[in-house]
Amino acid sequence: MSGFFGFEFSEEQDLLRESLRRFLADACPSSLVRETLEGRQAFGAALWSGLAQMGCIGAAIPEQYGGSGLGPVEICVIAEELGRVLAPIPSLSTIYLFAEIVKAVGNDEQKALLLPDIARGQAIGTLAAIEMDPKGRKVPTASEVRAGKLYGRKHLVPDGMIADHAIVVAREGERDESLFLVDLHQDGVVRRPLSTIDPTRGHARIEFDGAATSPIGAAGNGSAIISEAMARAAVFVSFEQIGGAEQALVSACDYARQRFAFGRPIGSFQAVKILLADMHVSLAIARANALRAIWALADMAGEAEWAAARAHLSASAAFGHVAADTIQVHGGTGFMWDSDPHLFYRRAEALGQSLGGTRRWERILIEGRRSGAGGSEAVSVNEENAAESEFRASARAWVAANAPWHLREAIERSPVGALDLGPDALAAQKAWQQRKHDAGWACLGWPTTYGGRGATPMERIIWHQEEGCFARLSNLFHNGQGMCAPTLMDFASDEQKAELLPRISSGQDVWCQLFSEPAAGSDLAGLRTRADRDGDGWVINGQKIWTSGGQYADWGLLIARSDFDVAKHKGLTAFFIDMRAPGVEVRPIRQMNDHSGFAEVFFHDLRIPDTQRLGGIGDGWNVALTTLSHERLAIGLEMPTGFDDLLDYCGALELETGSAVADRHVISRLARFECQAAGLENFMLGSLSRFAKGELPGPENSIIKLVAGKMMQDIAGFAIELQGEAGILTGTDECAFGGRFQGMLLRAPATRIEGGSDQILRNILAEHVLGMPPDMRADKNLPFSAIPAQSPSR
Ligand SMILES: Cc1cc2nc3c(=O)[nH]c(=O)nc-3n(C[C@H](O)[C@H](O)[C@H](O)COP(=O)(O)OP(=O)(O)OC[C@H]3O[C@@H](n4cnc5c(N)ncnc54)[C@H](O)[C@@H]3O)c2cc1C
């Protein structure tokens, strides 16, 4: 199996998925799920034996015990397909828990006795671990084994009515909890079915009154064995949840395309698109975390438990969200017994609380993160080969020897989106960029001829980690390095590239992106700055606005209108311009957070030669799209969410009730943020890996900024809420955590607008990823000069 970075299922695993999907299409129609829902079948017995014949039940059981001898990744593939069809079978109890525990701690005799029957589909096993008081509260294990006989009562035993064997958690003498095998078809075992929200996966209460048992696993080691088994099972279950969520989303999208209201498909309404896009985002985050957890399964002693907790929590959140909104998209139809959405809704809730419930996993995740495990650093460190470790060591040594350490405190104190370095800020940023460039640490992914290093995406990640807070000194160059330069690489002449790109890499030249105008932001193609042909050059007149770094820029990438009489996307042309040329006037704008990161730029008869045109005349929209696609990745790589700050802050915070990280509400919020932050990181690593293989960042990457922007705002709000009345204070001296959260709060709205607003990004996801019909367009097919335009005055 390859590592997480660039994790891909193998061809064989894809084949397994395809053949299983074909099989399940016939063998598990929703009518079968309903048979179990309505109690006409206890479970899909025929489906279970079909799966056994395909080798799926025993996929991870060794061949010597009648299994297929595959591994946990194959179980994940199988689980996802089972989840997709809501298979009413004992997969959780038998495949993910029972067989895995027997494999892990059973002796040879137990394995030989139990595993072949499981693999053949002739036996069902389960885990009986939960005990409850009469009020439904979980209580410590009271079941006990005396003279080899089991006494006690277990609750919520998954598939307890149809299981043949159970592994039961009980005490024997003074020892800690141990595990015992029990044949459920014997006197001394009484089972009662429980009524639950998802009858398609039954549960039972089981009473043991002198049932014969045999110990399994080391005596007194029960809870450690169960914890490890639950972590594994949590990863498998997360794939079932993802499969279920994906299928629910497919059904919601199909319905949104086919159902008409007000004369159009409901999927063309933005309110519906936003529902669908948000469902897709939840699912993408869950999938990224689940893939990460697969990789961690190989190393159960390491970060696996935290990765599993994160995967299960994210998948629970995603399936719950998608299933609920699938009903919403279906309207009244969704609430009918005979339509399918409620089947997903029931399964989502039931799986979400399986394996100990959400609160257990939240605690595990946050304790893990606070102990330093499962954090972002581990993503790469665990992955590195020898050359990459060497690369890291040399990057670390170089940063140690060359970084402007005297600025470290000021950088770390600066709020997100603003560097408080005083009057020498520009010089400090340029100096660091130049130093990196001279030593080969700038623009790592670029070819060396342009001032880069030809580094791999993995090396870029390693560098980013080693550069640490000093990376913020390069923010000023992001527009140039992340967006303008890649566009120049695609559209400029060889001479221009040779001249301009190394200067961008070294920080000698700052670039800005001259796209938005007062009347053209989201609707960028509505821009009005004019480019008129004049001999062998062009004359530019008009105004740009919100130009990040405009006041520092040496060059700008400009989109202007060269033809007003064709449809709006067709009349645009791209240029690069000298920001110091006569005819360019830059006025910094004061932002709502009292910083001044962007500017207005006016053009008064600016003259530029035709050699500064990028792409053909009228091809400006294509150039803009290229820049924007790079923007998606450039933004994504650098997107802060504030989560690490929040974790540090909460770790040190004492509330009236005690430590903040012991507070249930705080743990729960932290866990949700953690799942999103790690999901973003894992998603971004997947994107980078595809980018490394030559895939341009597509519309799917909109997810990164969409999630990060809102997260930053929510995290700031939550931290301020924890500060209570003092949360309104600003200023580094009086304010908790140096005022970082207040700074974040006042900057976060910008993240949700710049580079495409949240709404536009959701439209993109809904239309270009989920295939929803486009919006109604009042300006469609009209020449630009005939489009009515009105905007509030600014
Ligand atoms: C900090 C910051 C830095 C920026 N830097 C740059 C830069 O360097 N270069 C540059 O060119 N621009 C830059 N911008 C501008 C940015 O790209 C635009 O602000 C953004 O595209 C939104 O355009 P607008 O402000 O005109 O809002 P509008 O397009 O007027 O949108 C207003 C509201 O209407 C919603 N809306 C608009 N159209 C639709 C639709 N079709 N469907 C649903 N909702 C819609 C939007 O989501 C928003 O909520 C920056 C902006 C910010 C805040």
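Analyst: Happy to. UniProt, in an unreviewed entry, places the feature "domain: Acyl-CoA dehydrogenase/oxidase N-terminal" at residues 10-122 and 389-508. Please keep in mind that this is a predicted model. Residues 10-122 are 65% helix and 0% strand, and the end C-alpha atoms of this span lie 30 Å apart.

Let's settle on helix α6, residues 108-119. Its twelve residues reach 16 Å from the first C-alpha to the last, close to the 16 Å expected at 1.5 Å a residue. The buried residues of α6 are Gln 110, Lys 111, Leu 114, Leu 115, Pro 116, Ile 118 and Ala 119. In an α-helix, residues three or four places apart point the same way, because there are 3.6 residues a turn. What covers the buried residues of α6 includes the helices α3 (45-53) and α5 (91-105), together with the strands β1 (125-128), β4 (165-170), β5 (178-183) and β7 (203-216). After α6 comes Gly 121, with a positive phi near 80 degrees.

Now for the charges. Side chains of opposite charge can pair when their charged atoms come close. A network of salt bridges links Arg 17, Arg 21, Glu 80, Glu 81, Arg 84, Glu 246 and Arg 287. The whole structure holds 56 salt bridges. One of them joins Lys 273 to Asp 775, with the closest N and O atoms 3.4 Å apart. This pair links distant parts of the chain, 502 residues apart: Lys 273 sits in helix α8 (residues 270-297), and Asp 775 in the segment after α24 (758-769). Lys 273 counts as buried because its relative accessibility is 0%, whereas Asp 775 is partly exposed at 25%.

Looking beyond, the unreviewed UniProt entry places "domain: Acyl-CoA oxidase/dehydrogenase middle" at residues 512-605. Here the chain is 0% helix and 50% strand, and the end C-alpha atoms are 20 Å apart. Lys 568 and Asp 523 form a salt bridge, their closest N and O atoms being 2.7 Å apart. The two residues are 45 apart in the chain, with Lys 568 in the loop between β13 (555-561) and β14 (572-578) and Asp 523 in the loop between β10 (511-514) and β11 (530-534). Lys 568 is buried, at 5% relative accessibility, while Asp 523 is partly exposed, at 38%.

Definitions and conventions: Residues are numbered from 1 along each chain as its sequence is written. This is a predicted model: local features need pLDDT of at least 70, side-chain atom pairs count only at pLDDT 80 or more; totals for chains, interfaces and linings use all residues. Side-chain values use heavy atoms; hydrogens and water are left out. UniProt positions are given in the numbering used here, feature names are shortened, and annotations may be inferred rather than shown by experiment. Helices (H or I, at least four residues) and strands (E, at least two) are DSSP runs, numbered from the N terminus. The expected span of a helix is 1.5 Å times one less than its number of residues. Buried means under 20% relative accessible area, exposed over 50%, partly exposed in between (1.4 Å probe, protein chains only). Contact means heavy atoms within 4.5 Å. A salt bridge is a side-chain nitrogen of Lys or Arg within 4 Å of a carboxyl oxygen of Asp or Glu.
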